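I opened this notebook to keep a record of what I looked up, entry by entry, for someone who has not seen the structure before.

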Amino acid sequence: MKYSRLLFVGGGMLASVFAAFSAKKSDKPNIVFILCDDMGYGDLGCYGQKYIETPNIDRMASEGMRFTQAYSGSPVSAPSRACIMTGQHTGHGEVRGNKEYWRDSGEVRYGVNTDYAIVGQHPYDPNRVILPEIMKENGYTTGMFGKWAGGYEGSVSTPDKRGIDEFFGYICQFQAHLYYPNFLNRYSSRLGDTATIRVTLEENIKYPMWGVGYALRPQYSADLIHEAAIDWLDRQSGDKPFFGFFTYTLPHAELVQPEDSLLNYYRERLGETRVFNGS
């Protein structure tokens with residue numbers, strides 16, 4: 001694909017989205033909004049962090065803009081995301097906490113595991129427009145990859161009902177605490193979906209979702225979600241502007257990293273004394 005005009009927007013940089021619309025209507029930039037879950041400004045090299053390398057984000061900061069007096073709309077997931085989605089202060093919004101809807105939903109089986117029949121959080125008010133719907137109304141193709149947290153499965157506010165053309169990730173922020181889950185959620189009109197569905201991770205469900213066997217699960221959600229996001233980007237033809245909302249789960253708990261070259265690099269650099277070996 002051709003990246004002739006591409007605007008990258010970081011998690012605290014919503015103002016840049018609106019600045020983009022100050023351009024004439026016939027000149028709409030492509031926009032990628034990256035929201036890193038539970039990452040503070042002090043976790044990035046471009047804000048002075050010295051232990052973990054963030055070269056790509058640092059380069060984006062050097063070529064763009066850093067915000068030094070910005071705050072999240074709330075200290076927890078669902079309401080802070082609702083502030084971004086609706087533009088409302090938490091005190092005015094419908095979503096004010098991490099209210100769950102799965103505890104009494106019943107159970108389903110995934111291999112050797114038991115999971116909830118319905119997962120997700122309190123839905124966004126369907127009578128209030130949210131960010132992807134605004135983009136859609138302005139002629140954008142919309143894709144969201146990562147965490148939704150704007151409504152439980154089957155509710156009035158799921159990605160398929162709120163201006164998203166393609167979604168892949170966790171509809172439930174509680175489920176997103178597991179990096180090797182039983183399933184992820186998907187909505188893709190291209191693939192014939194008529195609602196947000198579950199995609200079972202067949203290799204993961206061969207092993208238990210708790211305890212020692214959990215470490216044997218091979219399907220790492222962060223990789224799967226990022227691969228889906230890149231695939232979506234590569235399929236954009238340039239005929240329409242696109243808005244990519246990449247709401248990645250990293251670096252929020254559970255803080256599990258696959259046994260790969262990245263993990264070994266930090267083991268060597270920081271030493272075993274800085275490796276957490278708990279559950």
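The entries below go from the whole chain to single elements and residues.

**Entry 1: the whole chain.** I noted before anything else that this is a predicted model. I then looked up the overall make-up of the protein chain and found six helices and nine strands. Of its 279 residues, 43% count as buried. I also looked at contacts between residues at least 6 apart in sequence, and 61% of these join residues at least 24 apart.

**Entry 2: helix H5.** I turned to H5, which covers residues 221–234, has 14 residues and reaches 20 Å from its first C-alpha to its last, close to the 20 Å expected at 1.5 Å a residue. Which residues of H5 are buried? I listed Ser221, Ala222, Ile225, Ala228, Ala229, Trp232 and Leu233. Seen down the axis of H5, these buried residues fall within an arc of 140°, so they line one face of the helix. I then looked up what covers the buried residues of H5, and the list includes strands E2 (30–34), E5 (141–147), E6 (166–170), E7 (183–188) and E9 (242–247).

**Entry 3: strand E6 and its partners.** From that list I followed E6, in which five of the five residues are buried, so the strand is largely enclosed by the rest of the structure. On the pairing of E6, I found that it runs parallel to E5, to which five bridges join it, and that Phe145 stands opposite Phe168 of E6. With E7 the sense is antiparallel, and the pairing of E6 and E7 extends over four bridges; here Glu166 stands opposite Ser188 in E7.

**Entry 4: the hairpin of E3 and E4.** I next looked at E3 and E4, which pair in the antiparallel sense over four bridges and form a hairpin with two residues between them. Gly111, in the turn, has a positive phi of about 60°. Across the pairing, Tyr110 stands opposite Asn113 in E4. Which residues make up the covered face of E4, and which the uncovered one? In this strand, residues 113–116, I found Asn113 and Asp115 on the covered face, and Thr114 and Tyr116 on the uncovered one.

**Entry 5: aromatic rings.** I counted the ring pairs next, and the count comes to 14 aromatic pairs. Among them is the pair of Tyr110 and Phe183, which is stacked, with 5.5 Å centre to centre and 25° between the planes. This pair links distant parts of the chain, since Tyr110 is in strand E3 (residues 107–110) and Phe183 is in strand E7, 73 residues apart.

**Entry 6: charges over rings.** Phe183 came up again here, as the charged end of Arg198 sits over its ring, 4.0 Å from the centre. In another case, Arg66 lies over the face of Tyr47, at 5.2 Å from the ring centre.

**Entry 7: backbone points to check.** I kept in mind that most residues other than glycine have a negative phi, and that most peptide bonds are trans. Ala149 has a positive phi of about 60° although it is not a glycine; it lies in the loop between E5 and E6 and counts as buried at 0% relative accessibility. Leu255 likewise has a positive phi of about 60° without being a glycine, and I found it in the loop between E9 and H6. Leu255 is exposed, with a relative accessible area of 65%. Where is Pro251 found? Pro251 is in the loop between E9 and helix H6 (261–270), and the peptide bond from Leu250 to Pro251 is cis, with omega near 5°.

**Entry 8: Met60.** Last, I looked up Met60, which is found in helix H2 (residues 55–63) and is partly exposed, with a relative accessible area of 31%. From Met60 to Cys46 I noted a separation of 14 residues in sequence and 9.3 Å in space, C-alpha to C-alpha.

Terms used:
Residues numbered from 1 in each chain as written. Predicted model: local features only at pLDDT ≥ 70, side-chain atom pairs only at ≥ 80, totals over all residues. Heavy atoms only, no water. Expected span 1.5 Å × (residues − 1). Buried < 20%, exposed > 50% of the residue type's maximum accessible area, 1.4 Å probe, protein only. Arc of directions from axis to C-beta. Contact = heavy atoms within 4.5 Å. Pairing = 2+ DSSP bridges. Phe/Tyr/Trp six-rings, centres within 6.5 Å; stacked < 30°, edge-to-face > 60°. Lys NZ or Arg CZ within 6 Å of the ring centre and 35° of its normal.
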